[in-house]
Amino acid sequence: MKRLVLPLFLLTVATVGAPSAASAQQTTTKTTSSTSSTAVSVERDLRSFSDWVNDKVDKAQAGARRNWPKLMSDFDRQSQRLDRATDSLSAQGKREYSAQKSRYQEWAAEQQRLDSQARQPETAQDTQKRLLNEDVNIASARATELPDLYLRLLETTRDQRRQWSQADWSAASVVLERLNARYDKVRDQLTVEDRLRVRSLQAEFRTLEKARAAKDLINESK
């Protein structure tokens, strides 16, 4: 009987030890799977961020400042999420993120510079006079004067847009915003026909502006 005791004891130890090894293996597998899942998620965030930057920068939108608070909010939200997870990016992913982040920041600084330049009192007033062919205080313009002022802006835009730089478009957009601000205050004094005319002219300016942005994108890709 004594000869049977030792084998039984060894069998018991082997049986008890087996689940521990399996458990450790499962834990390692789960950890590896979790790490892999995090890396995939961060890489997906990077793709979304890169697509977003490409969309904003490549289109070189002249009207970007109209949505500036939202653009900055979107940039901060995406970049902060990626900043917290850069350790999960591959070496190539880290380089891409750094390049795209710098690219957007340079573009944003240039857009702000153009906007600031266009809004300088002397520059803005001189540009407004040139675009409207008249020295007028838009803030106090009569409601009945607005359709003609919009038309003057559009006529100048149609004639000169092919020679305009990004700064010219930015300045023209400032003039349009001034007209829009005045229109919002006095449009109730206009006839339905005049309101439709103004909306048509507003839409035409934005169409020409977008066409210029698309042309810039095509030229940059050549």
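Biologist: To begin, what share of the contacts in the chain with a separation of 6 or more comes from residues 24 or more positions apart?

Modeller: That share is 76%. Keep in mind that we are looking at a predicted model. The chain has seven helices and zero strands, and its pattern along the sequence reads α-α-α-α-α-α-α.

Biologist: How do you know which parts of the chain have the lowest and the highest confidence?

Modeller: By the mean pLDDT of each element: helix α1, residues 2–58, is lowest at 64, and helix α5, residues 146–160, is highest at 96. For the chain, the average is 80, with 75% of the residues scoring at least 70. Over residues 8–18 the pLDDT stays under 50, and the model has zero contacts there beyond four places in sequence.

Biologist: What makes Trp 52 count as buried or exposed?

Modeller: Its relative accessible area is 12%. Buried means under 20%, so Trp 52 is buried. Trp 52 sits in helix α1 and, leaving out residues up to four places away in sequence, touches Leu 71, Asp 74, Phe 75, Gln 78 and Tyr 104.

Biologist: How do you know where the buried residues of α2 lie around the axis?

Modeller: The buried residues are Trp 68, Leu 71, Asp 74, Phe 75, Gln 78, Ser 79 and Leu 82. They cover an arc of only 130 degrees around the axis, which puts them on the same side of α2. Pro 69 and Lys 70, on the other side of α2, are exposed.

Biologist: How does the reach of α2 and of α3 compare with what is expected at 1.5 Å a residue?

Modeller: Helix α2, residues 68–83, has 16 residues and reaches 22 Å from first C-alpha to last, close to the expected 22 Å. Helix α3, residues 91–119, has 29 residues and reaches 42 Å, close to the expected 42 Å. Among the buried residues of α3 are Tyr 97, Tyr 104, Trp 107 and Ala 108.

Biologist: What makes α6 largely enclosed by the rest of the structure?

Modeller: Of the 21 residues of α6, 15 are buried, so α6 is largely enclosed. Its reach from first C-alpha to last is 31 Å, close to the 30 Å expected at 1.5 Å a residue.

Biologist: Which residues have the most contacts inside the largest nonpolar core?

Modeller: They are Leu 146, Tyr 150, Leu 153 and Leu 179, in a core of 24 residues. The elements giving two or more residues to this core are α4, α5, α6 and α7, and α6 gives the most, with seven residues. Apart from this core lies another, of 16 residues, among them Phe 49, Val 57, Leu 82 and Ala 108. As for Leu 146, its contacts beyond four places in sequence are Ala 141, Leu 179, Arg 182, Tyr 183 and Val 186.

Biologist: Last one: how much of the chain is buried?

Modeller: Buried residues make up 35% of the 222 residues. The accessible surface of the chain comes to about 13900 Å², and 53% of that belongs to carbon and sulfur atoms.

Methods: Residues numbered from 1 in each chain as written. Predicted model: local features only at pLDDT ≥ 70, side-chain atom pairs only at ≥ 80, totals over all residues. Heavy atoms only, no water. pLDDT = per-residue confidence, 0-100. Helix = DSSP H or I, 4+ residues; strand = E, 2+ residues; numbered from the N terminus. Contact = heavy atoms within 4.5 Å. Expected span 1.5 Å × (residues − 1). Buried < 20%, exposed > 50% of the residue type's maximum accessible area, 1.4 Å probe, protein only. Arc of directions from axis to C-beta. Areas by Shrake-Rupley, 256 points an atom, 1.4 Å probe, with all protein chains shown as cover. Core = buried A, V, L, I, M, F, W, Y, C linked by side-chain atoms within 4.5 Å.
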